[in-house]
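Hello,

Here is the structure we spoke about handing over. Please look through it first; my notes on it follow below.

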Amino acid sequence: MTLASLTNLTAHYDAGEGRFHALDDVGLDVESGRILGVVGESGCGKSTMASVLSLNPAPSLRVTSGTLAVGGKDVDLTDPASHRPLRGGTVALLPQGALNALNPTRRVGALAHDILAAGDRRIKRSESLRRTAARLEALELPPRVLRAYPHQLSGGMRQRVVTALATLRNPRLLVADEPSSALDVSSQRLLVDLLRRLVSDGLVEGIVFITHDVALLSELADRIAVMYAGRVVEEAPARDLVASPRHPYSQALLASVLVPEPGTRGRRLAGIPGSPPDLRAPIAGCLFAPRCEHAMDKCTAERPPRLVTGPRDDSCWRSAESEEAVDAA
Ligand SMILES: Nc1ncnc2c1ncn2[C@@H]1O[C@H](COP(=O)(O)OP(=O)(O)OP(=O)(O)O)[C@@H](O)[C@H]1O
């Protein structure tokens, strides 16, 4: 069952005399009880999309179209005034950087009370603390954490506290924006286990997990969406996407993290030649065409359609034409 549907999200930043077209007709579906991973290079619009999806759009961002259907409601993403009642309760953000996400001058218990009071102004402090202690325990944190200031906690504990606070109001949809990027490998693993547990225990109904780390997503996510220059270019079940990416950008992205280092058991980061397009001017065709070894004339002239085949879809003229060839045969 679909928990949340994002459709037709288009947004830009005002950049000096022009516009920076950060998101262009982005659409995503999150199934109930599932984790959707979103992956892409730095600057492709992941955090911008996370800010809109979690109903906390970046202040200078102008959303020109977009709807989020979640929990039986259709949210008009161009109208931030309508977002407040849903923020934190229906949709919540698990932000980047656990240390910066916590006010250093307040104890964890006080931060938790503020969050719960935002959803229920009459909640008593004792009730807030009781509920928070239970959530901390579920995340294997001792009750003493309630009295601690953020700087008194280790990095891994802080990340778990941020996770506890973000999910305190049992949001239906949790948007996790690179929450693991600053963590060491063992803290990263704990976080991944924790997020899986939050979904399987029903404390959150679904997660959108944003990262540039495909290897991490291949373990965590049920489905993966690949973003390039403000567009989703491919979406598929995680296993299918990792085993047989269809869009040339997905292929290049996967190759860039999965190239074995000669003579070692490690894996080398291989760059993708060229650089992402300048999004200050509208671009008619496929945004990856200038870097794509398979590009045809059509690719630079016309935006490729989104081709849905079974549980996966991609937006590439090569896929569209081979599908037409199959249909014609
Ligand atoms: N306030 C802003 N004004 C103008 N442009 C911005 C602003 N914030 C972000 N951008 C641009 O929008 C694009 C998308 O940025 P965003 O932070 O969403 O990318 P990202 O995929 O999350 O990158 P990273 O992985 O590095 O966090 C980038 O090219 C960025 O330079």
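The ligand is surrounded by 15 residues, and the closest are Tyr-13, Ser-42, Lys-46, Ser-47 and Thr-48. A residue is taken as near a molecule if its C-beta atom, placed from the backbone, lies within 6 Å of it. Strand S1 (2-15), strand S2 (18-31) and helix H1 (46-53) are the elements that give two or more residues to this shell. H1 supplies the largest share, 3 residues. Helices (H or I, at least four residues) and strands (E, at least two) are DSSP runs, numbered from the N terminus. Sorted by class, the shell around the ligand holds 6 nonpolar, 8 polar and 1 charged residues. For this sorting, Ala, Val, Leu, Ile, Met, Phe, Trp, Tyr, Cys and Pro count as nonpolar, Asp, Glu, Lys and Arg as charged, and the others, Gly among them, as polar.

Before you go further: this is a predicted model, in which local features need pLDDT of at least 70 and side-chain atom pairs count only at pLDDT 80 or more, while totals for chains, interfaces and linings use all residues. Residue numbers start from 1 along each chain as its sequence is written.

Next, the sheet. S1 and S2 run antiparallel and are joined by 9 bridges; two strands pair if DSSP finds at least two bridges between them. Within this pair, Leu-6 has Leu-28 in S2 as its bridge partner, and Ala-15 stands opposite Gly-18 in S2. The hairpin of S1 and S2 has 2 residues between the strands, and Gly-16 takes a positive phi near 60° there. S1 is also joined to strand S4 (residues 61-70), by 8 bridges, and the two run antiparallel. One of the partners in S4 is Ser-65, which is bridged to Thr-10.

Together these strands belong to an open sheet of 4 strands in the order S2-S1-S4-S5, with antiparallel pairing. S2 and strand S5 (73-76) are the edge strands, each pairing on one side only. On average, neighbouring strands of this sheet are turned by 5° against each other, direction ignored. The axes behind that angle are lines fitted to C-alpha atoms, for helices over the stretch in contact, and angles run from 0 to 180 degrees between N-to-C directions.

The chain is divided into domain 1 (2-90 + 171-282) and domain 2 (100-166), with bounds that come from an automatic or database domain assignment. Taken over C-alpha atoms, the centres of domain 1 and domain 2 are 26 Å apart. Where they touch, 9 residues of domain 1 are in contact with 10 residues of domain 2 (contact: C-beta atoms, placed from the backbone, within 7 Å). Helix H5 (residues 185-200) gives the most to the domain 1 side, with 4 residues. That side has 6 nonpolar, 3 polar and no charged residues.

Two backbone details remain. Most residues other than glycine have a negative phi. Leu-55, in the loop between H1 and S4, has a positive phi near 65°. Leu-55 counts as buried because it has 24 C-beta neighbours inside 10 Å (buried: 20 or more other C-beta atoms within 10 Å of its own; exposed: 12 or fewer; partly exposed: in between; C-beta atoms are placed from the backbone). Ala-229, in the loop between strand S9 (223-228) and strand S10 (231-237), has a positive phi near 45°. Ala-229 counts as buried too, with 23 C-beta neighbours inside 10 Å.

Regards

Key: Contact = placed C-beta atoms within 7 Å.
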